[in-house]
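Please look over the sequence and the structure before reading on. The paragraphs below go through them part by part.

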Amino acid sequence: MSHKRVPKRKIVFAGAGAAAVAAAAIILPNANASQDDKAEAAQPKKVNAASAADIAAELASQLGEAFGGAYYDKDKQQVIVNVVGDNNNVNVQVKSAGAVARKVDNSTKSLQTAAKTLKTKATIPGTSWSVDPKTNELRVTADSTVTGAKWDTLESTVKSLGDGMATLKKSTGEFKPFVAGGDAIFGGGARCSLGFNVTTDSGAPAFLTAGHCGVAAEQWSDSQNGAAIGTVQDATFPGDGDFALVTYDDANTEAPSTVNTGDQTVDITGAGEATVGQQVQRMGSTTGLNDGSVTGLDATVNYPEGTVSGLIQTDVCAEPGDSGGPLFSADGQAIGLTSGGSGDCTSGGETFFQPVTTALEAVGAKIGDGGAAGGGGAADDGGADGSGAAGDGAGADGAGGAADNG
């Protein structure tokens with residue numbers, strides 16, 4: 001199985017809490033007002049998370065090495081842009097775009113360089129790192145399995161990055177793909193789940209799920225030991241993501257773009273980019289519907305099975321059985337597929353998701369007639385090999401629904 005990858009630029013945002021800087025100068029009418037005067041008069045725009053991503057992407061291309069990331073202040077509904085240096089023209093550009101400039105020390109390029117150092121020197125199972133634009137640092141996390149010499153290596157590598165470049169913390173849980181038993185889809189002794197229904201470039205009905213499910217078996221059924229309803233066409237895990245495309249064997253299968261949360265059905269109208277600070281919901285068969293916010297982008301996680309990069313990090317809780325389930329926004333945008341993490345819905349923890357947009361580009365698919373994935377609430381998966389993904393129970397008709405946890 002093979003897949004194509006289309007690189008996509010990710011702009012990192014972080015959560016609420018930053019103070020907005022509002023322009024206060026009064027500009028007298030003047031046909032020859034300077035650029036500085038216009039910028040001074042510009043007020044920060046109130047935008048939603050999706051529009052914030054567009055503003056930041058534009059500024060990232062304009063500011064170059066002066067750009068240090070950006071985040072979305074959901075309370076003020078403003079884009080906060082991290083700026084390196086004292087170039088007044090940069091501040092003018094930020095203000096003119098309707099964003100708020102915030103002076104920081106680390107550029108996006110320097111943070112990416114630091115992440116490469118971690119990948120080279122500290123790719124240790126049980127570790128992860130992602131960019132946190134709110135603190136303008138890399139957030140490095142080690143789970144409970146990272147001890148002794150492994151911890152010493154990680155700690156010394158983080159220190160070698162320099163002051164103010166990264167923070168290191170311990171997680172009480174263990175990073176792993178979320179797996180467990182329950183009604184879902186079955187293949188090769190593994191039990192997995194459907195995430196979102198999609199349409200391939202050729203017009204065939206299909207669904208996305210986690211890649212660690214797709215590499216476990218080639219064909220999948222909607223009942224244990226039942227007839228196959230779908231065949232894996234593409235699967236990535238570990239590596240540059242955790243996603244798989246499964247086409248329905250019956251070309252007439254109806255695959256609606258919905259997520260069944262148990263109490264209601266949410267229409268999925270397209271796929272959206274995650275922004276740090278954005279509010280999201282996750283459906284899973286073990287823990288049902290849970291919400292939270294995106295806390296990091298372009299995350300790297302070192303699972304026991306291998307390293308996975310390019311993930312979304314959130315504070316949405318998840319447990320075994322939730323793997324592969326859909327992450328989506330309140331306005332019906334497909335955001336991610338549950339990959340794994342640590343902790344549970346009692347103590348909390350870190351949870352990682354495969355971006356839907358990246359998966360769609362890689363496998364050549366879309367939601368409905370114009371976006372991305374569509375269906376499924378989450379179910380769970382468990383694999384005989386310890387891998388799998390949970391999304392939602394997929395029926396032969398392709399409708400998504402939350403499966404029971406067995």
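**Confidence, a disulfide, a helix and a strand**

The model shown here is predicted. Averaged over the protein chain, the pLDDT is 80, and 78% of the residues reach a score of at least 70. Residues 1–33 have a pLDDT below 50, and this stretch makes 94 contacts in the model beyond its near neighbours in sequence. A pLDDT below 50 is also found over residues 370–406, a stretch with 216 contacts in the model beyond near neighbours in sequence.

The next topic is the cysteines. A disulfide is a covalent bond between the sulfur atoms of two cysteines. How many disulfides does a search of the whole structure find? The search finds one. The disulfide is formed by Cys317 and Cys345, whose sulfur atoms are 2.0 Å apart. These two cysteines lie 28 residues apart, so the pair links distant parts of the chain. Cys317 sits in the loop between strand E20 (306–314) and strand E21 (326–328), while Cys345 sits in the loop between strand E22 (333–341) and strand E23 (351–355). The disulfide is right-handed, because the torsion about the S-S bond of Cys317 and Cys345 is about 90°.

Are these cysteines buried or partly exposed? Buried means under 20% relative accessible area. Cys317 has a relative accessibility of 13%, so Cys317 counts as buried. Cys345 has a relative accessible area of 29%, and is therefore partly exposed. Another cysteine, Cys213, is buried, because its relative accessible area is 1%.

Helix H3 covers residues 88–96. At the start of H3, a side-chain oxygen of Asn87 comes to within 2.8 Å of the backbone nitrogen of Asn89. Which residues of the helix are buried? They are Val90, Val92 and Val94. Just after H3 comes Gly98, which takes a positive phi of about 90°.

The last stop is a serine in a strand. Ser293 belongs to strand E19, which spans residues 288–303. With a relative accessibility of 14%, Ser293 counts as buried, because the cut-off for buried is under 20%. What is Ser293 in contact with, leaving aside its neighbours within four places in sequence? Its contacts include Gly277, Gln278, Gln279 and Val280. Ser293 is also in contact with Thr314, Asp315 and Val316. Strand E20 (306–314) was named above as one of the strands on either side of the loop that holds Cys317.

Conventions
Residues are numbered from 1 along each chain as its sequence is written. Side-chain values use heavy atoms; hydrogens and water are left out. Helices (H or I, at least four residues) and strands (E, at least two) are DSSP runs, numbered from the N terminus. Buried means under 20% relative accessible area, exposed over 50%, partly exposed in between (1.4 Å probe, protein chains only). Contact means heavy atoms within 4.5 Å. A polar contact is a pair of N or O atoms within 3.5 Å; within protein, one must be able to donate a hydrogen and the other to accept it, and residues adjacent in sequence count only if both atoms are side-chain atoms. pLDDT is the predictor's confidence in each residue, from 0 to 100. A disulfide is a pair of cysteine sulfur atoms within 2.5 Å.
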